Amino acid sequence: MLDLFTIFSKGGIVLWYFQGVNQVLTEPVNALIKTVILQERGSVSSFQHGSLTLEYKLDNEFELIFVVAYQKILQLSYIDKFIDDVRREFRDKYSQDLRDGNVMRDFDFTEEFQRLLKKAEASAKNQALKPRQMRTFGESQKSQKSVASLKVDKKKEKEKENVGKKKGKAPAEAAPPAAVINGGTVNTGGGGGGQDTIQRNREEFFKKMTGKGSKKITGTSPKPEKEKEKKKGKAPTKWAHGGSTKDAKILDFSGDKESNGTMAGEEDLGDAERAWVGSMSGELKSVGDMYEEEEEEEEEEEEEEIQQQDSKKSSGFGVFNMFKGLVGQKTITAEAMAPVLDKMRDHLIGKNVAADIADQLCTSVSTKLEGKVLGTFSGVTSTIRQAIRDSLVQILTPKRRIDILRDVMEAKSQNRPYTITFCGVNGVGKSTNLAKICFWLVENGFRVLIAACDTFRAGAVEQLRTHARRMAALHPPENHNGVKMVQLYEKGYGKDAAGIAMEAINFAREQRIDVVLVDTAGRMQDNEPLMRALSKLIKVNQPELVLFVGEALVGNDSVDQLTKFNQALADFSSMENPRLIDGILLTKFDTIDDKVGASISMTYTTGQPVVFVGTGQTYTDLKALNVQAVVNALLK
């Protein structure tokens with residue numbers, strides 16, 4: 001019933017395998033390694049590839065991976081236990097060779113494997129044939145709740161009262177509470193008018209405490225009231241970018257005259273804006289400068305609950321237990337990792353990582369470390385922290401080469417435009433960051449055509465028209481041998497976005513324009529008609545890069561957005577290999593301080609890298625993601 005069972009090391013050396021079919025199953029195993037194991041997704045225990053289901057278990061002590069593959073139409077309930085039995089048997093038989101690192105020998109494990117497989121299949125068959133017996137009423141929790149258990153034994157209650165009286169403890173009703181008013185004591189116990197007296201005394205007390213009463217509270221002297229300081233006026237906000245007087249004048253449009261928008265060079269630019277020209281040539285600067293790398297001052301927590309319990313059990317040998325913990329090797333268990341992982345999960349959620357992603361990440365680290373042997377003077381806390389750091393770096397590191405400038409040059413050599421499509425939910429900053437990328441490309445000497453495919457939102461075309469006009473003023477044709485570096489392709493509102501994008505790409509091909517930036521309408525991930533339109537646009541035009549524009553402010557919702565966008569592109573494309581999201585543009589990155597968890601949530605969801613980071617309000621505020629800086633910000 002099993003198609004494949006293989007045992008190999010984390011270094012890629014196959015120690016032993018069993019194959020039940022003649023079909024070559026190298027591709028499914030490689031897909032499991034590439035998609036799950038290398039992607040730090042240890043929380044995923046099963047993996048679907050074609051018609052097969054693959055399940056795996058890690059042996060962290062000997063760095064081994066056990067993989068089983070079977071047809072996904074089969075429901076094999078014994079697989080988990082079977083993998084554990086095989087792992088235990090293989091470890092017991094070859095423990096010395098594995099400990100010595102002798103993995104190049106011939107591992108003869110077929111006989112033991114067949115025996116364990118027959119035993120597991122027979123046990124599953126007997127379990128299926130055995131009728132399930134219902135538990136009796138006496139075994140249920142409901143049987144414990146009877147009328148007799150609800151009765152109150154008055155004799156026992158009276159005996160308890162008598163015992164209390166003998167010890168000098170009066171019942172609670174014997175000592176009526178008292179309220180202290182004006183230094184005197186007022187009895188609030190039983191008697192006629194007791195509740196009225198309590199209410200009256202409370203009202204008088206609160207009046208005197210709040211200063212409304214005429215009488216002063218006995219034994220206290222009212223403090224002289226401090227003179228109220230005059231309220232200071234609200235100080236102006238100083239932004240990290242553009243906080244100078246010159247920039248304030250640039251942002252003041254109160255005295256501007258209305259522009260008819262006919263000529264590209266009519267923009268009246270300030271000295272600060274003109275200084276942008278030539279500042280973004282070459283690769284983008286890293287966003288890591290925003291975070292100062294602080295040295296991590298941590299004290300390793302001693303193996304908290306486990307060692308404390310051990311010291312309590314053998315308090316007379318505490319010194320020897322301390323040396324026993326320091327000398328020798330220790331095996332990490334799930335119980336030892338649980339409290340540390342719980343704190344780490346809460347910490348990641350506090351850094352704006354989606355709760356589900358934080359849970360999966362901690363589960364993956366637990367799977368990766370369970371059973372691993374620690375060396376001398378190594379603690380569980382430091383080991384888990386380092387494993388979390390390695391996992392975060394692995395997640396954020398791009399799995400493929402991301403070099404847009406090189407790709408644009410390659411497309412230019414083939415006489416075709418390089419197309420980038422921007423998509424995302426409403427209000428995340430697609431058009432603004434499209435303009436930043438446009439300015440970066442123009443700074444590197446490429447001609448850009450902006451396709452206004454947002455034919456739904458009022459003002460979307462005018463917004464792009466303004467950006468194109470200002471960038472044309474920053475790079476006028478006379479500075480580029482009479483060539484227009486930025487152009488806008490628009491057809492107004494209410495048109496088919498896919499058709500406009502196709503016409504723009506054809507226009508760019510005819511005019512020898514290097515890059516086409518396609519702006520799309522913002523849409524919620526649950527809006528099926530708009531998601532169908534987006535899938536149609538990408539299917540018809542086949543852009544080289546599909547960027548999802550997301551906010552760094554969002555936490556849990558980022559996972560839902562990306563998952564549904566990817567799912568919609570796959571469902572509505574009607575292609576065998578549909579185009580999905582290729583990269584992420586993370587906006588408003590300067591508004592979150594060190595809560596940079598959205599980058600982890602989005603990258604973990606799609607497996608695609610963060611290509612650009614938007615950090616401010618000017619064209620030059622476009623950065624590249626610094627993986628180490630983001631990880632340091634997450635863990636500090």
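Modeller: Before we start, two strands are said to pair here if DSSP finds at least two bridges between them. Please also keep in mind that this is a predicted model.

Colleague: Understood. What is the strand order in the open sheet of five strands?

Modeller: The order is β2-β1-β5-β4-β3, and the pairing is antiparallel.

Colleague: Which strands are at the edges?

Modeller: The edges are formed by β2, residues 14–19, and β3, residues 46–49, each of which pairs on one side only.

Colleague: And how many degrees does the twist average from one strand to the next?

Modeller: The average is 20 degrees from one strand to the next.

Colleague: How many bridges are there between β3 and β4?

Modeller: There are four bridges, and the two strands pair in the antiparallel sense, with β4 covering residues 52–59.

Colleague: Is strand β11 largely enclosed or open?

Modeller: Strand β11, residues 448–452, is largely enclosed by the rest of the structure, because five of its five residues are buried. The cut-off for buried is a relative accessible area under 20%.

Colleague: How do β11 and β12 run, parallel or antiparallel?

Modeller: They run parallel and are joined by four bridges. Within that pairing, Ile 450 has Leu 488 in β12 as its bridge partner.

Colleague: What about β10 and β13, parallel or antiparallel?

Modeller: Strand β10 (residues 418–423) pairs with strand β13 (residues 515–519) in the parallel sense, over five bridges. Tyr 418 is opposite Val 515 in β13.

Colleague: And β15, how many of its residues are buried?

Modeller: Five of the five residues in strand β15 (residues 583–587) are buried, and the strand is mostly covered. Gly 583, Leu 585 and Thr 587 make up one side, with Ile 584 and Leu 586 on the other, and both faces are covered.

Colleague: How many bridges join β14 to β15?

Modeller: Five bridges join them; β14 spans residues 545–551, and the two strands run parallel. Val 549 is placed opposite Leu 585 in β15.

Colleague: Changing topic: how many cavities of 30 Å³ or more are there?

Modeller: The count is two cavities of 30 Å³ or more. The second largest cavity holds about 30 Å³ of space.

Colleague: Which residues line the second largest cavity?

Modeller: Its lining consists of Ser 535, Ile 538, Lys 539, Leu 569, Ser 573, Met 575 and Arg 579. By type, the lining divides into three nonpolar, two polar and two charged residues.

Colleague: Which helix gives the most to that lining?

Modeller: Helix α18, residues 528–541, gives the most, with three residues.

Colleague: Now some single residues. Where is Phe 565 found?

Modeller: Phe 565 is in helix α19, residues 556–571. Phe 565 counts as buried because its relative accessibility is 0%. Phe 565 and Met 531 are 34 residues apart in sequence, with 7.6 Å between their C-alpha atoms.

Colleague: And Phe 109, is it buried or exposed?

Modeller: Phe 109 is buried, with 0% relative accessibility. Phe 109 belongs to the loop between α2 (79–100) and α3 (110–129). Its C-alpha atom is separated by 9.7 Å from that of Leu 15, and the two residues are 94 residues apart along the chain.

Colleague: Why does Thr 367 count as partly exposed?

Modeller: Thr 367 is partly exposed because its relative accessible area is 26%, and that class lies between under 20% for buried and over 50% for exposed. Thr 367 is part of helix α12, residues 355–369. In sequence Thr 367 and Asp 59 are 308 residues apart, whereas in space they are 9.2 Å apart, C-alpha to C-alpha.

Colleague: Finally, what does UniProt list for residues 609–622?

Modeller: The unreviewed UniProt entry lists those residues under "domain: SRP54-type proteins GTP-binding". In the model, residues 609–622 are 0% helix and 43% strand, and their end C-alpha atoms are 16 Å apart.

How values were computed:
Residues are numbered from 1 along each chain as its sequence is written. This is a predicted model: local features need pLDDT of at least 70, side-chain atom pairs count only at pLDDT 80 or more; totals for chains, interfaces and linings use all residues. Side-chain values use heavy atoms; hydrogens and water are left out. Axes are lines fitted to C-alpha atoms, for helices over the stretch in contact, and angles run from 0 to 180 degrees between N-to-C directions. UniProt positions are given in the numbering used here, feature names are shortened, and annotations may be inferred rather than shown by experiment. On a 1 Å grid over the protein atoms alone, a cavity is a set of points where a 1.4 Å probe fits but cannot get out, and a pocket is an open set with protein on both sides within 12 Å along at least five of seven lines; lining residues have an atom within 4 Å of a point. Grid points are joined across faces, edges and corners, and a volume is the space filled by probe spheres set on the points. Ala, Val, Leu, Ile, Met, Phe, Trp, Tyr, Cys and Pro count as nonpolar, Asp, Glu, Lys and Arg as charged, and the others, Gly among them, as polar. Buried means under 20% relative accessible area, exposed over 50%, partly exposed in between (1.4 Å probe, protein chains only).
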